[in-house]
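This briefing concerns charged side chains and their pairing. Please consult the sequence and the structure shown below while reading.

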Amino acid sequence: MIRTLAAAAAWVDDAGLALLFPKADVVLPSLWEQVNGSAEENWAIRDGNGKFVSWSEPMGFLWPAKDELPEQGLVCVGKHLARVVACIAPRLLPLLLAANREPADDDPVVAAIERHGPLTGPQLREATGRDKKEVDRAIASLHHRLVLTSSHLVEQVGPWGALAHDLLERKWSVPGKLPARDRARRELALLVLERAGELTAADLAGVFGWRRKEAAAILDEVGEGRDDEAGFRIWTRR
């Protein structure tokens, strides 16, 4: 089981795309399963009354690792896939940006980070004058649109640090010329198909946020389709 940042980074590089924690309706593997040995929610140790005592050993490693991996430039971490926290091999960022990047014109959160560098949620509230709900919603949207990403943890008063967010293309070295969008989407679809073995259009759409019709068309290009007994279209690797 994984217990070092180097091993976690190597596994993500091999997987390419993964979630931090498993999600039932998403076909990607998760780093948690590699750390814990299973998808079981073995997160905390509790006393006889159910009171929290400490993190379990797997969570004790993964909880700080999710911030240390991007801080050390090993893994891109953020809410970039399936609207949950994902781990992305840096080598795949050009493909993902080409396939899924959405603009964020005139966003005050982006403007504040461009001006001041990586900022935490509290710092963004101060810089933009927006309340917590607005800032949190903007951060989640900008991660999904591949504009922002996790940068590093900032120490603050209390038991928890605050995560700083940076511009994805400033945090990571991304080439100026990206692949064509259609090619990038085909390559990403093929990567997920090879890992999963078989996919429905809904499976692929759920990972990247694509329309099901578009996901089906891409799968027709990279896979072999068949209808199962219930009439669902399923694609496998050619």
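**Charged side chains in a predicted model**

Asp107 is found in the loop between H4 and H5. The model discussed here is predicted.

- A polar atom of the Asp107 side chain does, however, lie 2.8 Å from the backbone nitrogen of Val109.

**Arg3 and Glu57**

- Arg3 and Glu57 form a salt bridge in which the closest N and O atoms are 3.2 Å apart. This pair links distant parts of the chain, 54 residues apart: Arg3 belongs to the segment before helix H1 (5-15), and Glu57 to helix H3 (residues 57-71).
- Arg3 has a relative accessibility of 28% and therefore counts as partly exposed. Glu57 has a relative accessibility of 58% and therefore counts as exposed.

**Arg101 and Glu169**

- A salt bridge joins the side chains of Arg101 and Glu169, with an N to O distance of 2.2 Å. Here too distant parts of the chain are linked, 68 residues apart: Arg101 is located in the loop between helix H4 (93-100) and helix H5 (108-116), whereas Glu169 is located in helix H8 (residues 168-171).
- Arg101 is partly exposed, its relative accessible area being 34%. Glu169 also counts as partly exposed, at 42% relative accessibility.

**Arg186 and Glu221**

- Between Glu221 and Arg186 there is a salt bridge whose closest N and O atoms are 3.5 Å apart. Because Glu221 lies in helix H11 (residues 212-222) and Arg186 in helix H9 (residues 181-196), the pair ties together parts that are 35 residues apart in sequence.
- Glu221 counts as partly exposed, with 45% relative accessibility. Arg186 is likewise partly exposed, with a relative accessible area of 30%.

**A salt-bridge network**

- Arg181, Arg185 and Glu214 are connected to one another through a network of salt bridges.

Conventions
Residues numbered from 1 in each chain as written. Predicted model: local features only at pLDDT ≥ 70, side-chain atom pairs only at ≥ 80, totals over all residues. Heavy atoms only, no water. Salt bridge = Lys/Arg side-chain N within 4 Å of Asp/Glu carboxyl O. Helix = DSSP H or I, 4+ residues; strand = E, 2+ residues; numbered from the N terminus. Buried < 20%, exposed > 50% of the residue type's maximum accessible area, 1.4 Å probe, protein only. Polar contact = N/O pair within 3.5 Å; in protein donor to acceptor, adjacent residues only side chain to side chain.
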